[in-house]
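Please take the sequence and the model together, and follow the chains one part at a time. The paragraphs below are meant for someone meeting this structure for the first time.

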Amino acid sequence: MPVKKVFEGSVDYIQILDKNGKVDEELEPDISKDVLDKLYRHMVTARTWDKKCLALQRTGRMYTYAPLVGQEATIIGTGMAADKTDWIFPSYRESYLYHMRGIPLSQINISWMGWEKGLQIDPEYRTFPYAIPIGTQLPYATGGAYSMKMKGEKSAVISFGGDGSTSEGEFHDALNFAGVLETPNVFIISNNHYAISVPRKWQTKSETLAQKALAYGLKGIQADGNDVLAVYRLVKESARRAREENKPTVLELVTYRMGMHTTSDDPKKYRSEEEVEYWKKRDPIDRFRIYLENKGIWSEDYEKEVNEGAKQKVEDAVKEAEEFKGDPKEMFNHVLADMTKNLEEQKKEAFKK
Amino acid sequence: MKMHMVQAINNCLFQEMERDESILVMGEDVGVDGGVFRVTDGLYDKFGRERVIDTPLSEAGIVGTALGMATLGLRPVAEIQFQGFVFNAYHHLVQHAARLRNRTRGKFTVPMVVRMPYSGNVNALEHHSESMESPFIHIPGLIVLCPASPYDAKGLLASALKAKDPVMFFEPKRLYRAFKEDVPEERYEIPIGKASVLREGSDLTLVSWGAMTYVSSKAVEKAEENGISVEQIDLRSLSPCDYETIHESVKKTGRCVVVHEAVKTLGFGAEISARIMEKDLLRLEAPVKRVTGWDITIPYPKTEEYFFPDEKRILEGIEETVNF
């Protein structure tokens, strides 16, 4: 019997804006000036906020924090590309997304400052509370997408996970169920090359993370995750495909975590300065600045205005967050919808004068 | 109508799915096959694959996907084929289902039901006879129900399908077809968190749930024949637990025997016993007695009968406590 080939597949790599700010005009998405402006403002605000959060943590004004620096294009590109009616399931690294969805920046600070109140987010914003365990949000995104499909809502469910999350069983479950149940999902893998200290190459022998999609019957695409034009375009296209055709996509966005995993580790221990330098030259904001300059949007004055605006916004948010004071008694109030007698007694005991 | 427990649960699922179209059933073999115990028999033909889903074989995938469905507007009833296999999904239940309401201060909730057959002494394969209620009762934010009769199974499941929080619904497979009783055709609810006093008595309180309630009832009959008046309580709801009913009864009888088939150490009997000690010490005439499974791995079928509390052991426990 002749040997038959029973499966063949491939994964495309997409980059629209290269590291020097040169654009591939064939792939360049048609984005209005207003949206281009917002993309830039959000990226700058996110970086400014991130820097501030790190400083707050270092001076004891905030608890453990997971910096986003270097990954702005993945977060902001997605946030801008998603429709208001789409759902986003972020990981902790994308907490800035809540702000893009309409939630005050101060509330995200409240969360990182140790108050549950920070995640008291109304479901109308269609942004799922981020999870601390790795990858657990992925099957929830699949189930959520099934809900959207059953209810006849034309909404894509866009989730985030890191390269490390692809090693979790949840990644497999989420993609496998999405394939079988034909759910409107977009699974973004933010491949930032490290799961705390463990490099991407030690997570899997797989050449790309996107190719894992093929085994589940999903489409897999790899893109330059530091290219906000590529992220924007691919998320738009994948979300449309999800909404209109119930076809899930896996988007591997190749980026780099410029900072530490969280404020509790020191990256110098597990990666070289040369490597960091290599990625510094591929910064998502630097190249987008050149693009905007060529478009006649960016100027020195514009830069100044955007930066000052971002700084002010961040300062206001932090001030508001630091003024927040929650009620400790609340810790007993949301265990179940109805408080049990047992909890009533314990609450009384815990807060007796 | 006379029904055994499988019929009662099946009847409830039919009714509830007709009442509320956001309810769907999902799990391994629950659709075309109607479930390995036939609990979901006929649902697939009536409601179709969109609402009766034969899922890929992954407990974590079933519960994880169900959790996502529940948070975004559906009300899934996820089946774990046997409780012994639930631990693949335990992570989702503990880390997220149980906590989501609290960590979002009430904004995101998980109104789902996870059904699973538990209990043993039915000559099953390894991992098919577990009684693992403690690891779930231990988790704040989960509701844990365990019916002991067809009537309660239907009424408790109906309540579970209106609950605002995740419900673990433990079905004693040993009682699935053990007996029939009158179960109303029409819909009714049994309130969550309320124990059932099966028999009033004055000498001793016997507390049990699920399959052990059935076995205990036989022992109680014998005890009554021997002149011991037993107040028998079936908990039905393990979390929240109706401690008030237990305290009230023990205040009256001064003696208590707790029966469960889970292992003794850190079984729910330990908690009940501690609560009685905290509140009713001066009323006690004897130590609280626990009649339970031994602290060993459940034996294979040839010798499993030595593991599970039976009529004889329960009766001995009652007599020992009365004669203390």
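Predicted model: local features only at pLDDT ≥ 70, side-chain atom pairs only at ≥ 80, totals over all residues.

What follows goes through strands, sheets, helices and a few single residues in turn.

Strand S3 of chain A, made of residues 157-162, has 5 of its 6 residues buried, so S3(A) is largely enclosed by the rest of the structure. Strand S2 of chain A, residues 87-89, pairs with S3(A) in the parallel sense over 3 bridges, and within this pairing Ile88(A) has Ile158(A) of S3(A) as its bridge partner. S3(A) also pairs with strand S4 of chain A, residues 185-191, again in the parallel sense and over 6 bridges, where Gly161(A) stands opposite Ile189(A) of S4(A).

In chain B, 7 strands form an open sheet with mixed pairing, and their order is S3-S2-S4-S5-S7-S6-S12. The edges of this sheet are taken by strand S3 (52-54) and strand S12 (237-239) of chain B, each of which pairs on one side only. From one strand to the next, the twist averages 20 degrees. Inside that order, strand S5 of chain B (residues 113-118) and strand S7 of chain B (residues 167-172) run parallel and are joined by 6 bridges; Val114(B), for instance, finds its bridge partner in Met168(B) of S7(B). Helix H7 of chain B lies across strand S4 (75-79), S5, S6 and S7 of that chain, and its direction is at about 165 degrees to S7(B).

The loop that leads from strand S6 (143-145) to helix H7 (150-160) of chain B contains Ser149(B). Is this residue, Ser149(B), buried or exposed? With a relative accessible area of 12%, Ser149(B) falls under the 20% limit and therefore counts as buried. When its neighbours within four places in sequence are left aside, Ser149(B) is in contact with Met5(B), Phe179(B) and Glu181(B).

Chain B also holds an open sheet of 5 strands, ordered S9-S11-S10-S13-S14 and likewise of mixed pairing. Strand S9 (196-199) and strand S14 (289-293) of chain B stand at its edges with a single partner strand each, so one side of each has no neighbour in the sheet. Here the twist averages 25 degrees from one strand to the next. Strand S10 (residues 204-208) and strand S11 (residues 230-234) of chain B run parallel and are joined by 5 bridges, with Thr205(B) standing opposite Glu231(B) of S11(B).

Helix H11, residues 311-322 of chain B, lies across S10, S11, S13 and S14 of chain B and runs at about 165 degrees to S14(B).

Definitions and conventions
Residues numbered from 1 in each chain as written. Chains lettered and ligands numbered in written order. Heavy atoms only, no water. Pairing = 2+ DSSP bridges. Helix = DSSP H or I, 4+ residues; strand = E, 2+ residues; numbered from the N terminus. Axes fitted to C-alpha atoms, helices over the stretch in contact; angles between N-to-C directions. Contact = heavy atoms within 4.5 Å. Buried < 20%, exposed > 50% of the residue type's maximum accessible area, 1.4 Å probe, protein only.
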